[in-house]
Amino acid sequence: MADKVSKIDKNGVVTFYSTYNAARTASGNNPGDHDLIQILADLTEQIILKDKVDIWIMPGVVIDQDPSNPGETITDDNETVECTIYGYGVIKNTGSSSCIRVENPGSKLSVECDYIQNVNGVAVNISPSLKFHLKCNYVYSQNLQAIRIGKFAEPGMVEEVRLDVTKVETGDVNNSSTGTTALSTRGNGFVRIDEIICNNLGHCLSHQEGTITARIKKMTSIMNRSGGNVSTVHLAANQGSAGQKLILYFDEINCFNGATNNALCGIECTIGTGIFIGRRVYSEIISSLDGAAIQIGGANTKGYLKCDNVTSLNHVALVLNDTNEQITIDVNSIEFGGAAGIFSNGSVSNRGNFFIRNAKIKSMSQSTSAKGIFINNIYPIFTLNNLKIISGSDVNSNIFIGNNTIDVFNLGWFGNSGIDQTKIIQKVGVGIDPMDLGYNYQTIIDPLLD
């Protein structure tokens, strides 16, 4: 087909061209122009965007940068552009660069397409800019990130983000050396994704700067490639800005060991604010108390978790460390196969402050020493409300304390084993004299509790 591209001007006049570049050169050259370029057949040339010139890609048409001429498939070429790409086309890059690349901090780009497929680059790579919107069925990167919003490991945001994607995926299931983090965000906005899969290594979501409200139904990370312990959902200090906020609604988060046994957490939140509301978080971590199904910590970290089930197959279910802000845990069922259901390890200046309510903590292991709550080192402020603990049968397995005493603000809890009454002062309300014997609390220990 000789005429692969057409240009429609503001008066509706249609002109045909054999290349995109020819149509681009003829477009948007006069004040008030807002031309439309239509791509009508497969192209293997670079699409350099032009300000106020929109692009429509015919359904089924494939744009793929020629691998013999390396470069991004679609790019603003570091010039300020404001434009929209729509239709139902396919955007690929079988070379070593991105499918979509925005570099200019003043650019505004909206993209709607069928799917985006990349081999050796970041599929969607958006540097700090004013706006980026994406509506797509599928985004895939074989070797690197699928979607990178803003800088990856240094400050730099996209001011307005909208992602509406059915599925995001990284890595080749037949090649364990491929794949990395699927989605990293430095920006403000909204994310709606049905499923994210990291087949070999990487975070499904790493939020590093700004405020994001996300509804992601299912996230699965599978550790088939070595390269460090990695969490499925990640807000952590090594790449964070300290002020980021993530509000995440989800159905299921899975962190699988895969072939390497180097899974870490389903959710890791050690900086900023994390609000997590969903059905189930599952982790297969084996090796260290530095990880769990969910890990929340950091002196100024703020967090809230509401979930039906948190399960750690081989290890601790929740690690709650050294926070000054109160962390609220509202989970129906906490199941663990390791040493403890909840582990806390604070410091002198950051003791920790946790409110745990409406939970049933249950050991899945056969160990008689499995602890429901394990308090180590400096002791946090704990508030318990309607809590059941079914742990090991050793004395004091329900709540295990180290050397010092700890205040537990108890609004009612039930256990199958016991607690060390010499180290736990149970009371209701702040400011009650510890020597007052008139505390109004309820603790019931029954070895038949199930």
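Colleague: Which residues touch the most other members of the largest nonpolar core?

Modeller: I116 and L134, out of the 96 residues in that core. This is a predicted model, so local features need pLDDT of at least 70 and side-chain atom pairs count only at pLDDT 80 or more, while totals for chains, interfaces and linings use all residues. Residues are numbered from 1 along each chain as its sequence is written, and side-chain values use heavy atoms, with hydrogens and water left out.

Colleague: What makes a set of residues a nonpolar core?

Modeller: Its members are buried Ala, Val, Leu, Ile, Met, Phe, Trp, Tyr and Cys residues, joined through side-chain atoms within 4.5 Å. In soluble globular proteins, nonpolar side chains tend to be buried together.

Colleague: Which residues is I116 in contact with, leaving aside its neighbours within four places in sequence?

Modeller: Contact means heavy atoms within 4.5 Å. By that test, I116 meets I91, C99, I100, A123, V124, L134, C136, Y138, V139 and Y140. L134, the other residue named for the core, is on that list.

Colleague: Why is L246 called buried?

Modeller: Buried means under 20% relative accessible area, exposed means over 50%, and partly exposed is in between (1.4 Å probe, protein chains only). L246 has 1%, so it counts as buried. It is found in strand β21. Beyond four places in sequence, its contacts are L205, H207, I212, A214, V233, L235, T273, G274, I275 and F276. M157 is 89 residues away from L246 in sequence and 15 Å away in space, C-alpha to C-alpha.

Colleague: Is N396 buried or partly exposed, and how do you know?

Modeller: Its relative accessible area is 19%, so N396 is buried. It is found in the loop between β33 and β34 (399-400). Its phi is positive, about 65 degrees, although N396 is not a glycine.

Colleague: Where is N386 placed, and what is its phi?

Modeller: N386 is in the loop between β32 (381-385) and β33 (387-390). Its phi is positive too, about 55 degrees, and it is not a glycine either. Here the accessibility class is partly exposed, because the relative area of N386 is 39%.

Colleague: Why is G258 called partly exposed?

Modeller: Its relative accessible area is 39%, so G258 is in that class. It sits in the loop between β21 (245-256) and β22 (267-269). Setting aside residues up to four places away in sequence, G258 touches I222, M223 and N224. N386 is 128 residues from G258 in sequence and 36 Å from it in space, C-alpha to C-alpha.

Colleague: What makes the S231–E268 pair a polar contact?

Modeller: A polar contact is a pair of N or O atoms within 3.5 Å; within protein, one must be able to donate a hydrogen and the other to accept it, and residues adjacent in sequence count only if both atoms are side-chain atoms. The side chains of S231 and E268 make such a contact at 2.8 Å. S231 itself has 0% relative accessibility, so it counts as buried. It lies in the loop between β19 (211-222) and β20 (233-235).

Colleague: Is E82 buried or partly exposed?

Modeller: Partly exposed, because its relative area is 34%. E82 lies in strand β8 (residues 82-87). It touches D51, K52 and K108, not counting residues up to four places away in sequence.

Colleague: How do you know that N125 is buried?

Modeller: N125 has 10% relative accessibility, so it counts as buried. Its place is strand β13 (residues 124-126). Leaving aside neighbours within four places, it meets S98, I100, R101, V102 and R148.

Colleague: How many helices and strands are in the chain?

Modeller: One helix and 38 strands. Helices (H or I, at least four residues) and strands (E, at least two) are DSSP runs, numbered from the N terminus.

Colleague: What share of the 450 residues in the chain is buried?

Modeller: Buried residues make up 54%. Of the contacts with a separation of 6 or more, 67% come from residues 24 or more positions apart. The C-alpha atoms fill a box of roughly 90 × 45 × 30 Å along the principal axes.
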